[in-house]
Amino acid sequence: LSHTQLQYVHPILAGVGTKHHDDNDSMMKMLWRPSETTATRNWNPENNFDFATDLELVVHLRTLRAILAEATPEDLPLGTPISVLNLDCEGCEYNLIPSMHETSFHSIGVVLGRTNWGYIPVIKKPSSVRARETHERVCTHYNFAKRCKECCDFPSLEVKPRLGGANTETEEDGDVAFEGERSVAEVAGDMCNDFEEWAKESKLRDIPDDYGWNEMSAFAMDLEEGAKGIEVLQYAGNTYGLDQMFEFAVSRGD
């Protein structure tokens, strides 16, 4: 960027809070991996932590309105609509999008990026209600409808025109195949063929609340390892009895 362009760049070190965190004072633990710009998030697998390089940070969560107020240049009035919003933030879309007023979201010109539901471990996923609200909003934008499998949950949802005009796709002979607003099903095409199987595997509709999402931990415990631990505990309990287990723990100094 040129010097003139750089003066319009306003980096803000902050996380975007969830909808009920409207008092600007909530916190979240995240893992920062300096070698990977895409790895700052709160759902890294616990067994994937590198003690030599990775850092666990406590991040201050703020409302989008507060962040925009700080970042808006003095010569622009507060409330100036966002022209382009790029959501490539490792899951923060599930905080940001539900927190926005419907009018504010629809005033955005173009939303780019991707959703991360399929990548977030089950134990750290936000609620399915939060996910649905997020997906239903962002999937009205072409970039999401084309790339994100989560959008297949809304096949008849209308997709806004792409940047630069109407949604169009050109056949090999040069003829325009489609024009104007189109549905998610038309934009996504074959990506949605195995959607129901994917939705079941990823628990898209099965997470009841935000318990794991808001947990103050940057790590996601491996569910299989956790299950093994429970099985061992149950086996020990059945074999030795709770009294014998307690005596065994005391003898080890645990």
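I am working from a predicted model. I began with the pairing of strands E1 and E4, which run in the parallel sense and share two bridges. Looking along this pair, I found Val16 opposite Arg62, a residue of E4.

Next I looked up the sheet these strands belong to. The sheet is open, has three strands in the order E1-E4-E2, and its pairing is mixed. I noted E1 and strand E2 (26–32) as the edge strands, since each of them pairs on one side only. For my own reference, strands of a sheet pair through backbone hydrogen bonds, and they do this either parallel or antiparallel.

Then I turned to helix H2, which covers residues 64–71. Which residues of H2 are buried? I listed Leu64, Ala66, Ile67 and Ala71. These residues lie on the same side of H2, because the arc they cover around the axis is only 165 degrees. I also checked what the buried residues of H2 pack against, and found strand E1 (15–16), strand E4 (55–62) and helix H3 (93–99). E1 and E4 had already come up in my notes as a parallel pair.

Last, I went to the start of the chain. Leu1 sits in the segment before helix H1 (3–6). Is Leu1 buried or exposed? I put Leu1 down as exposed because its relative accessibility is 73%, and the cut-off for exposed is over 50%. Together with Leu6 and Val9, Leu1 makes a nonpolar surface patch of about 320 Å².

Methods: Residues numbered from 1 in each chain as written. Predicted model: local features only at pLDDT ≥ 70, side-chain atom pairs only at ≥ 80, totals over all residues. Heavy atoms only, no water. Patch = residues over 30% accessible without salt bridge, like charges linked within 9 Å, V, L, I, M, F, W, Y side chains within 5 Å. Areas by Shrake-Rupley, 256 points an atom, 1.4 Å probe, with all protein chains shown as cover. Salt bridge = Lys/Arg side-chain N within 4 Å of Asp/Glu carboxyl O. Helix = DSSP H or I, 4+ residues; strand = E, 2+ residues; numbered from the N terminus. Buried < 20%, exposed > 50% of the residue type's maximum accessible area, 1.4 Å probe, protein only. Arc of directions from axis to C-beta. Contact = heavy atoms within 4.5 Å. Pairing = 2+ DSSP bridges.
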